[in-house]
Amino acid sequence: MDGNGRFLYKAFKRYYQTNTPSLPDRFTRREFGFMFFDKSYVQRHLSFKSLEELGRFMAYQIPSHSYYSTSYYRKPDAPTMDEKGWMGAELIFDLDADHLEGAKEMTYSEMLAQIRSEMIGLVDNFLIGDLGFSEEQVHITFSGGRGYHAHVRRPDIMSLRTSERRELVDYITCSGLNIDWVFPYHVVATSKVSTAAGTYTNVSKDRLLPPKECGGWRRRMRKGLEKVVDDICVMDVKDVKKTYPSIKGSNNQTVQKAKEELAANRANMFERDTMAFVSKPTQDILVKIMKEDVAHRLSGEVDEPVTADIKRLIRLPGSIHGKSGLRVTPITRDELTDFDPLQYAVPEVYTDEPVKITMRRDASLNMKGQDFTLKGETEVPEFLAIFLIGRKMADIGFASENEGRERLF
């Protein structure tokens, strides 16, 4: 264990000697797993009969990472999965900043703010909105690292298998959405034409809109279409094509005509739930935008392997994340709105005592209400040193002093 590891170990030891993580419901049916500062593997297939037993284990062993199973087992400490006897599993949704576009260029605070926004959308629009879970059934947790977990505990979802959980992922992520189901064709005979070869019927095929009273994805797409139409009406052609890249190859005159038609017929379209008031080229533009640009913007973010896995280990609430020093923190939906881990997930046992560190790269951040601008060799409060060293943004001690020691030996 190097100097950084020893420093974190001492801080974690102080925490676990005075704090015991919260036990999940039916904890005697859960498997537990841990990683340690001096080991490179996960010690799992453990179970505990009481909070005191878990507390003693963690205070003595000092884990760097702590996990529990989202599944319930008849024998959670059995050495193989087949022997455990699966009884059911929570429904888990995991959002982590590693999937964010441009995450490497973001600060920690920027990453967490964006992933928090995505979790709010997932909870409000899908879990509580479309799927109908109550706030009491959706348990939100800051992971201690770079994301959030949402646990759904309801008897009727515990027995869902992997394939059924994948269907929920497909729904949330808009995978396989049929645009012709959202905006179906309405075929109407317009006239009959008689020729030498026979009589033919001319028909018109116009797209219908999802009705006002619909729900789920059809309701979401109707509202999305309202915004698209508003944008097209007020933007110039260049900005429309920039905002909705799927039509960047469309003729400018076609887009300009769509602007004029929609400005004149918007009210009728949404009042009568049909695109029949505008031309077919305009209808095609709208459907193309909705299918290729808007649908995925309205979808939720979900880590499919986590949600589909019915034998998953996940972070234990109340434990400390070994790569940040922050607490895995349960929060309510209301608390999620303004939750900032650097303010609210810092264990109270971390002190303000100055610690010498050497920054690996310059950084600026606000932690526990204090602004810090850091570079090179510097002194910071212990709580900040733990975070920076855990995140591999700094090393313990001054580089010049460490080099001096190395020369002596």
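A cavity is a set of points, on a 1 Å grid over the protein atoms alone, where a 1.4 Å probe fits but cannot get out. The model is predicted: local features need pLDDT of at least 70, side-chain atom pairs count only at pLDDT 80 or more, and totals for chains, interfaces and linings use all residues. Residues are numbered from 1 along each chain as its sequence is written, and side-chain values use heavy atoms, without hydrogens and water.

**Exercise 1.** Find how many cavities of 30 Å³ or more the whole structure has, and describe the lining of the largest cavity.

*Solution.* 
1. The search gives 1 cavity of 30 Å³ or more.
2. The largest cavity holds about 40 Å³, a volume being the space filled by probe spheres set on the points.
3. Its lining residues (an atom within 4 Å of a point) are Tyr-185, Lys-205, Arg-207, Lys-280, Gln-283 and Asp-284.
4. By class, 4 of these are charged, 1 is polar and 1 is nonpolar.
5. Helix 10 (280-298) and strand 10 (198-207) each supply at least two lining residues; helix 10 gives the most, with 3. Helices (H or I, at least four residues) and strands (E, at least two) are DSSP runs, numbered from the N terminus.

**Exercise 2.** Work out which residues of helix 2 (residues 51-61) are buried, and what they pack against.

*Solution.* 
1. Leu-54, Gly-55, Phe-57 and Met-58 are buried (under 20% relative accessible area, 1.4 Å probe, protein chains only).
2. The buried residues pack (heavy atoms within 4.5 Å) against helix 1 (3-16), strand 1 (32-36), strand 2 (43-46) and strand 3 (63-69).

Note on methods
On a 1 Å grid over the protein atoms alone, a cavity is a set of points where a 1.4 Å probe fits but cannot get out, and a pocket is an open set with protein on both sides within 12 Å along at least five of seven lines; lining residues have an atom within 4 Å of a point. Ala, Val, Leu, Ile, Met, Phe, Trp, Tyr, Cys and Pro count as nonpolar, Asp, Glu, Lys and Arg as charged, and the others, Gly among them, as polar. Buried means under 20% relative accessible area, exposed over 50%, partly exposed in between (1.4 Å probe, protein chains only).
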